[in-house]
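I am opening a notebook on a structure that is new to me. The entries below follow the order in which I looked things up.

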Amino acid sequence: MRESIQELLGSYQIRKTKKQKQAFIQWLENHATKHGYEIKKDDYSQDGTNLIVGNPREASLYLTAHYDTPANLFIPIIAGLNPLGFALSQLYLVAIMYFPLLILVWGIGLLNIDPMIIALVQAVMFFGYSLSLLHFVDKVPNKNNANDNTSGVSVLLALLEDLKPGERAEICFVFFDEEEKGLVGSQAFKKNYKVKNTPLINFDCVANGEHLVFVAKKSFRESALGRYFIENKNQYPRLNIVNASTNIYASDQIIFKNSLGVASKKKAPIFGYYFDRIHSHRDTIFDNQNIEDLNVMMKDLLANVSNND
């Protein structure tokens, strides 16, 4: 494992509070300087800062990953990719999170009091519980974020280290902030730099799963970049290309027209591709081979395809 990734995992894996983010940014700035880069801190709000390496207005390709980390839900999230798997995973999450409330509501319903009072109490409990849950999940940082999204940051780190000066000119690296709050950083980036059809490859949760899944929008599939992966799929045995129109991968790339979302997934019958463990203390698995395999694939892409094709 690269020394930089070891340091990232060991000292900067929690990046939720402003103080934690500032510590990471300072470390990343120092590391980037050693490799001949300059990082622009793009403050789009009082609390949000995207980190940009390169010229976003002239770039022919964006390589991105969000660097903020989530709260601890204490319930490992399981997220399916196909519509059925996604729906089942969302039902699972809601059922687990609201199970304690359902028990209390059921118990109150057994009391021998006026049904109107019971209904009122149950309604107050539901809204109070929901508000408390939203507040709670936003305040408690998750201490383990190996996959979500230290892994995506690691892919960008590896590419920053490996690309030669002549290969960097047309590429813009972007570390998005506040993905966990609803893709806030990437939306601000798209608006501020008027991104329309520039291709974007986003890395999120790429370190836990044997399948490297590329979720491609139509514009990306039909571009020279997309055709490269489709035509050379046999060179990369772990590569699986799926359509964004029929697979739900809720990360920063979804708001960009010409985009590819990259993740590592497990696979189960019927349920299809999925990932698990994130947003909990169990997010500890970091398969470094995934990072290096993606590094090779991206360098092959840049060596063989002109971003302007």
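Entry 1. Glu 178.
Is Glu 178 buried or exposed? I start here, and I keep in mind that the model is predicted. I find a relative accessible area of 6% for Glu 178, which counts as buried because the cut-off is under 20%. I then looked at the backbone: phi of Glu 178 is positive, about 55°, although the residue is not a glycine. I place Glu 178 in the loop that runs between strand S5 (171-176) and helix H6 (184-192).

Entry 2. Cys 205.
I looked for another positive phi in a residue other than glycine and noted Cys 205, where the value is near 60°. Cys 205 sits in the loop between strand S6 (200-203) and S7. Its relative accessible area is 3%, so I list Cys 205 as buried.

Entry 3. A cis peptide bond.
Which two residues does a cis peptide bond join? I find the bond between Asp 148 and Asn 149, with omega at about 0°. Asn 149 belongs to helix H5, which covers residues 146-162.

Entry 4. The whole chain.
I stepped back to the protein as a whole. I count nine helices and 10 strands in its secondary structure. Of the 309 residues, 54% are buried. I also looked up the contacts between residues at least 6 apart in sequence, and 80% of them join residues at least 24 apart. The accessible surface is about 14700 Å², and carbon and sulfur atoms hold 57% of that area.

Entry 5. Strand S10 and its partners.
How many of the residues of S10 are buried? I find seven of seven, so the strand is largely enclosed by the rest of the structure. I then traced its pairing. S4 pairs with S10 in the antiparallel sense, over three bridges. Within this part I noted Gly 80 opposite Tyr 274 of S10. Strand S9 (residues 259-268) is also an antiparallel partner of S10, again over three bridges. There I noted Ala 268 opposite Gly 272 of S10. S9 and S10 form a hairpin with three residues between the strands, and Ile 270 in this hairpin has a positive phi near 65°.

Entry 6. The largest pocket.
What is the volume of the largest pocket? I have it as about 790 Å³. Its lining has 36 residues, and those nearest the centre are Ile 77, Glu 179, Glu 180, Ala 250 and His 279. Strand S4 (77-80), helix H3 (83-109), helix H4 (115-139) and strand S10 (272-278) are the elements that give two or more residues to this lining.

Entry 7
I next took the second largest pocket, with a volume of about 170 Å³. It is lined by 10 residues, and closest to its centre are Lys 16, Thr 17, Lys 18, Lys 21 and Lys 181. Helix H2 (18-34) and H4 each give at least two residues to the lining. Here the classes come to eight charged residues, one polar and one nonpolar.

Entry 8. The cavity.
How many cavities of 30 Å³ or more does the structure hold? I find one. The largest cavity has a volume of about 40 Å³. I list its lining residues as Phe 214, Ala 216, Phe 220, Arg 221, Gly 226, Phe 229, Ile 230, Ile 241 and Leu 260. Strand S7 (211-216), helix H7 (218-221) and helix H8 (224-231) supply at least two lining residues each. Of these, H8 gives the most, with three. I sort the lining into seven nonpolar residues, one polar and one charged.

Conventions: Residues are numbered from 1 along each chain as its sequence is written. This is a predicted model: local features need pLDDT of at least 70, side-chain atom pairs count only at pLDDT 80 or more; totals for chains, interfaces and linings use all residues. Side-chain values use heavy atoms; hydrogens and water are left out. Helices (H or I, at least four residues) and strands (E, at least two) are DSSP runs, numbered from the N terminus. Buried means under 20% relative accessible area, exposed over 50%, partly exposed in between (1.4 Å probe, protein chains only). Contact means heavy atoms within 4.5 Å. Accessible areas come from the Shrake-Rupley method with a 1.4 Å probe; for residues, only the protein chains shown count as cover. On a 1 Å grid over the protein atoms alone, a cavity is a set of points where a 1.4 Å probe fits but cannot get out, and a pocket is an open set with protein on both sides within 12 Å along at least five of seven lines; lining residues have an atom within 4 Å of a point. Grid points are joined across faces, edges and corners, and a volume is the space filled by probe spheres set on the points. Ala, Val, Leu, Ile, Met, Phe, Trp, Tyr, Cys and Pro count as nonpolar, Asp, Glu, Lys and Arg as charged, and the others, Gly among them, as polar. Two strands pair if DSSP finds at least two bridges between them.
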